[in-house]
Amino acid sequence: MKRIYAIEQWCIDCKRCEVACKTFHSRSQNPVKAFNFEDAPDARVCVEGGKQLSLAVNCRHCADPKCVESCISGAMQKNPVTGVVTSDPEKCVGCRTCVSACPFGAVHIETVALKCDLCGDGHGEPGEPSCVKACPNRALIYVESEEC
Amino acid sequence: MLDYVLPRYKVLRDEDLCIQCGVCERSCANDVHKVDEDLGRVTADHAKCVNCQRCVVMCPTKALAIDKWPQVGNGTNNWTLAYMQDIAKQSQTGAVLLSSMGNPKPYPIYWDHLLLNASQVTNPSIDPLREPMETRVFLGGRPDVLKVNERTHAVESTLPPQIRLDVPVMFGAMSFGAISFNAQKALAMAATELGTFFNTGEGGLHKDLEQYGKNTIVQVASGRFGVDPHYLNAGAAIEIKIGQGAKPGIGGHLPGEKVNAEVSRTRMIPEGTDAISPAPHHDIYSIEDLRQLIFSLKEATRYTKPVAVKIAAVHNVAAIASGVARAGADIIVVDGFRGGTGAAPTRIRDNVGIPIELALAAVDQRLRDEGIRSTVSLVASGSIRSSADIVRAIALGADAVYIGSAALIALGCHQCQDCGSGKCNWGIATQRPELTRRLNPEIAAERVANLVRAWNHEIQEMIGGMGINSIDSLRGNRLMLRGVGLNEKELEILGVKYAGE
C-alpha cells in the first residue's frame, strides 16, 4: 500500500499540513470557515518539535496495528483491501485505549478517536493526501511501501 | 538615539481571510508576524519586514500582501525619501551602506531596446518541433588554423581543452557561504541534468558536491579560498575572477557569522573568521601577471581544462578583454553592472560599471577587429532575465551566458535585496540550519532545470523564426537585431541598425 512518510530533514515546522488536514476534515472544507466559524476538530497530523528539528507525525497505518488490536468497541479497523486504518465514529466510545496503545501518538480523542484516514480525493479514497499536497518542501511524501 | 529610519514596507493582512494558523509567524526569520492570543489576532512589526514575500506565498488562505510604507515624500525630485532614509541610516550608524542583488536604479536596459528578426517568404523560418535545432555550445580556446586530413576525415590540429554545453546557459558564480549548501547543490544537480555548468564562486567546492565535478567550473579569486590542486582538478574548467559586475574594483567580505564548520572546511579558513577577498589579486598588477596565473593554473591541471577570466564591465572593458585574451585565457566572462551580489556597498553597486549590452558589443567588436575573437569564447552575464535576453546576447557576440539572479528566482528568491543579513527566508542566502532546510535541493533543482529547459525551447523557437537552425549561426549575427529608441552613438556601439533600416 501507499503510505505517508515524514522526512524530518526537510520539515520546516510551518504546519501547513495541519491546516490542510483540519480543512479537509471540516464540514465546509474551506480553511476560513473551518478555523473561524465551524467548531472543526483538530488536525490529525501533528508537527512535533520546533524550529531546529521538527517532524510531522502521522498514523503509520501499521501492518499489525496496535490500535485495532486494543479497540474495545470494534470501531478501529484496518481495511483488508486498502490497508487503511480508520475509526468508525458511530462505534467509538472514546475510551482512549487506542491512544495509549499507539506507539507513534498518532491518535487523539475529541469525544471520539480521530486519526489520519489517508484522505485522497475523498475520505479513505485513493489519491494524494491533503497534508502531502500542502507540504512546501516534500517533507511529507506519499509513496508505495512494502508491508500492507 | 531616536531612530529616524522609517519602515520600508507595510504588511497588509486581510482579517476576513486570516485563520490565525501562525504559518506566517513560523515562516518569518525577521520576526515580523506574531499570533497575539490576548488580542485574538495576528500582529505585524512592519519595520522588520524586508518584503521577501515568503509569508505571502506560504499563507494557506492568501490573506497577506506587502505594500510600500505609506509615508509620502516631500515632493521634491532631489531629496527623495530614499536618499533621506539613507542619510538617516548613515547618521545613525556611521557605516557604509550595504545592499544585495543587482543595481536597481533606472538606468537604460538596452535589451528592451533591441528587437529580434524573423523570416518572411524569402528565407523560410524553421519549426524546431519538426527539424533539428542545435543549441549546443563549446567553450574554450580555438587553434589558429584547423588542419583536417581529408583522406581519413580526422582533425590533425591539437584542439585546446573545451567544455560542452547542451544549452547556452550556465549558472554564474555563487559561493558556498554566500549561498547555502542546498542552493549550490540544487544548481549542481540542475547543471548535471541539463548538460551545463555551475560555478563554485570563490568559496571552494564542498566535498559532497565533488560528484558533480564534470559539470563544475571552479573559481579562483583574490581570496584564494578553498584553492588547492585537488580543487583545481575537481572541476571541468577554472575561472579566475578579476571583477564582479555588481561591485567592480572592490573585493568581497563574508562575515564570520556565516563561516560555520562546513563553510570553514570548504574555504579552508578558521571557523567564525571573516572571509575577506581583497580588491585586487595581490599577485596580479598587469596582463603579464595575469598570464602567469593563467598558465600556473593550466600547469596545475596539465593543460586539460580551459581557463576563464571573469571581468566586470567597466569603461575600458574592450581593451582589457583584448589583454585578457592575449594573456592566454580560453574564455572571457564579462559581467555587467546589473549583475547580482550577496552584498556590496550600495554606492558601488548603484553607480559603478557599465551595461552588459554595450560592454559585450564593444568587446566582441574589439576582439574581431584585432583578429583574436576566434581564439577565445565570450560569456556574458549580469542580469539575463529571459530567453529573449539570451538570444540578444548571443546576437551581440556572446557564446553563452551565465544566469545567477534568474536561477535564484527559480529557487524562490524574491529579490528583496537582504542577502547580507543572513536571514534569507527562502533558505538561499543563509547558513542557518533552520533556514537552509527550507530549500529541498530536489525540488529546487527541478525548478531550475524546468526554467532552463523552457528557455531553451523558446530560444529554439526564436532562432527558428529567424531561419537559423544552430546557435552558432546566431553568434555575433547583429543583423538579427534592430534598435528602437536608441541614439546614433548607442547604435554604433551596439553595432545594430535602427528598426526600419
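Student: What follows α10(B)?
Tutor: B:Gly371 follows α10(B), and its phi is positive, near 70°. Helices (H or I, at least four residues) and strands (E, at least two) are DSSP runs, numbered from the N terminus. Bear in mind that this is a predicted model: local features need pLDDT of at least 70, side-chain atom pairs count only at pLDDT 80 or more, and totals for chains, interfaces and linings use all residues. Residues are numbered from 1 along each chain as its sequence is written, while chains are lettered from A and ligands numbered from 1 in the order in which they are written.
Student: How many residues of α10(B) are buried?
Tutor: 11 of its 14. Buried means 20 or more other C-beta atoms within 10 Å of the residue's own, with C-beta atoms placed from the backbone. Among the buried ones are B:Ile356, B:Asp364 and B:Leu367.
Student: And what covers them?
Tutor: The cover includes α8, β18, β20, α11 and α15 of chain B. It is judged by contact: C-beta atoms, placed from the backbone, within 7 Å.
Student: New topic. Which strand does β2 of chain B pair with?
Tutor: β3 of chain B, antiparallel, over four bridges. To pair, two strands need at least two bridges found by DSSP. B:His33 sits opposite B:Ala44.
Student: How many residues lie between β2(B) and β3(B)?
Tutor: Four, and the two strands form a hairpin. B:Gly40 in the turn has a positive phi of about 70°.
Student: How many residues of chain B are in contact with chain A?
Tutor: 16, and they meet 16 residues of chain A. The largest share on the chain B side, three residues, comes from α1(B).

Methods:
Contact = placed C-beta atoms within 7 Å. Buried ≥ 20, exposed ≤ 12 C-beta atoms within 10 Å, placed from the backbone.
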